[in-house]
Amino acid sequence: MAHVFFGYFAGIIAITSILVVALRNPVYSALSLLVMFFHVAGLYVTLHAEFLAAVQVIVYAGAILVLYLFVVMLLNVKRDDRYHSQWRIAAFVCIPLSIEFLVLVSGNMVAANRRPASLPVEPYAADNTLAIGQTLFSTYLFPFEVASLILLVAMIGAIVLAKRDIGGHEAKDMTKAPGAQ
Amino acid sequence: MTVPVSYYLILSAIVFLTGIVGVLIRRNIIAILLSVELMLNATNINFVAFSDHLQDLGGQVFVFFALTVAAAEVAVGLAIIIALHRSKSTINVEEFNLLKW
């Protein structure tokens, strides 16, 4: 049964990820990326990561992809987007990588599927969110704080970059503000 | 009967190589950023598969951080695209050769 679910999700993920690259219209690419995100969330559910599946749907499909579609609509992208002339470089990068990967996987198939002997095989706690929260706020507390700093920097950077004119009349308003020196 | 972890490795390698090809051959900047999202999702699939395989929650926490970085990257990248489109009114990467010598 697990194999059936994996086959379905993996097939749809592979097809839609190829469609993201192959389709010419960016709106269609973004929509097939949306289908891929939902199926990745389904794959997370089969891997006992229910919290991450919910976060994947909310953040990726709900926030990031809507932002992409918003920008595509805003810029009014024309449809005549042909492929780059760099496909030879792409072939030179990807064919050796895929061959290397096939060799690695076929050589280590038995060793990779064996469970490591040192780790105790125990089922997860029933509450995946509770376990992630306890791990996140105890072991990974400092990276969590750094992640919030990254989000703050991204917010400020997006505002500064997308602003229409910097240093025009906005700067004069800031000097008149009572808080400014 | 659980699915072997090498199947997940093959799936994420397919998605990652598709993302690399997309970054290299597309000319639309938005399509390039969508391909970067493909590569991030491939690494996330790997992290969650190994987190289930090794019974360790660290992989899922790392996916959480990768998601944070992806959100930041999208915000800054789309702001850069809007600024570029404002200055040259195109988003074709072959038109942008300002830093080329």
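These legends go with a set of close-up views of a predicted model.

**View 1. Chain A is built from helices.** Start with the overall make-up: chain A has eight helices and zero strands. Reading from the N terminus, you get α-α-α-α-α-α-α-α. Out of its 181 residues, 21% count as buried. Now take the contacts in chain A with a separation of 6 or more: 51% of them are between residues 24 or more positions apart.

**View 2. Chain A has two assigned domains.** The domain assignment puts residues 1-80 in domain 1 and residues 126-164 in domain 2. If you go by C-alpha atoms, the centres of these two domains of chain A are 22 Å apart.

**View 3. Here chain A meets chain B.** Chain A brings 67 residues to the contact, and chain B brings 60. Sort the chain B side by class and you find 44 nonpolar, 12 polar and four charged residues.

**View 4. The largest nonpolar core draws on both chains.** This core holds 64 residues, and the ones touching the most other members are V40(A), Y44(A), I30(B), L34(B), I45(B) and V48(B). With 12 residues, α2(B) has the largest share. The core lies between domain 1 (1-80) and domain 2 (126-164) of chain A, because both of them give residues to it.

**View 5. Zoom in on V40(A).** Which residues does V40(A) touch, leaving out those up to four places away in sequence? Within chain A, they are I13(A) and Q56(A); from chain B, they are N41(B) and I45(B).

**View 6. Follow α3(B) from end to end.** This helix has 31 residues, so at 1.5 Å a residue it should span 45 Å; its end C-alpha atoms are 44 Å apart, which agrees. Its buried residues include G59(B), F64(B), L67(B), V74(B) and I81(B). What covers the buried residues of α3(B)? The cover includes α3, α6 (128-138) and α7 of chain A, along with α2 of chain B. After the helix comes S89(B), which has a positive phi, near 50°.

Terms used: Residues are numbered from 1 along each chain as its sequence is written. Chains are lettered from A and ligands numbered from 1 in the order in which they are written. This is a predicted model: local features need pLDDT of at least 70, side-chain atom pairs count only at pLDDT 80 or more; totals for chains, interfaces and linings use all residues. Domain bounds come from an automatic or database domain assignment. Helices (H or I, at least four residues) and strands (E, at least two) are DSSP runs, numbered from the N terminus. A residue is buried if 20 or more other C-beta atoms lie within 10 Å of its own, exposed if 12 or fewer, and partly exposed in between; C-beta atoms are placed from the backbone. Two residues are in contact if their C-beta atoms, placed from the backbone, lie within 7 Å. Ala, Val, Leu, Ile, Met, Phe, Trp, Tyr, Cys and Pro count as nonpolar, Asp, Glu, Lys and Arg as charged, and the others, Gly among them, as polar. A nonpolar core is a set of buried Ala, Val, Leu, Ile, Met, Phe, Trp, Tyr and Cys residues joined through C-beta atoms within 7 Å. The expected span of a helix is 1.5 Å times one less than its number of residues.
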